[in-house]
Amino acid sequence: MSLHLERLVYESTATGTTGSLGNLAVILAESQRNNDREGLTGALAAHRDRYIQVVEGPAQALDALLRRLEDDPRHRDIILMGREPIAGRLFSRWTMANARITPAHGEALDSLIDQDDLTPGRVIRILLEAVEGVPAA
Ligand SMILES: Cc1cc2nc3c(=O)[nH]c(=O)nc-3n(C[C@H](O)[C@H](O)[C@H](O)COP(=O)(O)O)c2cc1C
């Protein structure tokens with residue numbers, strides 16, 4: 001049976017503080033528990049007042065997650081930056097990784113935001129680097 005894997009990237013505005021490790025830890029723990037069950041993998045970054053998340057997995061599980069995310073009062077103004085079919089996963093090792101945004105990653109994100117050039121591909125690369133502990137180029 002084909003699984004129709006897809007990957008999506010979105011950003012949202014946090015209603016609380018993204019800088020609070022407690023908030024992020026709670027979201028990550030819930031995500032990892034659910035995503036393990038749903039076959040979803042990905043990474044979540046908190047940058048300034050935004051969440052940036054990459055999630056990959058079966059299309060139906062992604063649809064269900066988007067509905068839950070829309071109802072979650074911990075963030076608002078979800079902007080889906082991209083969604084596309086994929087042949088394989090980039091984040092297969094993580095049910096939901098904590099993409100730690102270093103100052104260098106933050107600068108890379110800020111300059112893309114300033115230039116209105118925050119494409120899904122660039123976001124995915126920065127999050128993957130953050131997860132794997134590679135400094136931004
Ligand atoms: C920024 C952000 C990212 C989230 N990512 C996920 C996720 O990857 N998977 C997930 O199941 N829930 C995620 N959640 C939580 C969902 O919005 C929702 O609260 C949760 O799925 C409900 O789970 P429950 O039915 O087990 O209570 C996220 C929430 C926020 C604010």
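I'll start with the ground rules, then take one tyrosine, its sheet and the ligand.

So, this is a predicted model: local features need pLDDT of at least 70, side-chain atom pairs count only at pLDDT 80 or more, and totals for chains, interfaces and linings use all residues. Numbering starts from 1 along each chain as its sequence is written.

Our residue is tyrosine 51, and it sits in strand β3, residues 50-58; strands are DSSP E runs of at least two residues and helices are H or I runs of at least four, numbered from the N terminus. Buried or exposed? Tyrosine 51 is buried, because it has 21 C-beta neighbours inside 10 Å; the cut-offs are 20 or more others within 10 Å for buried, 12 or fewer for exposed, partly exposed in between, with C-beta atoms placed from the backbone.

Now the sheet. It's open, five strands, mixed pairing, in the order β4-β1-β3-β2-β5, where a pair takes at least two DSSP bridges. β4 and β5 are at the edges with a single partner strand each, so one side of each has no neighbour in the sheet. β2 and β3 run antiparallel, joined by seven bridges, and tyrosine 51 is the bridge partner of alanine 46.

And the ligand? Tyr51 is among the nearest of the 17 residues around it, along with Ser31, Asn34, Asp72 and Arg74; being near takes a C-beta atom, placed from the backbone, within 6 Å. Helix α1 gives the largest share of that shell, five residues.
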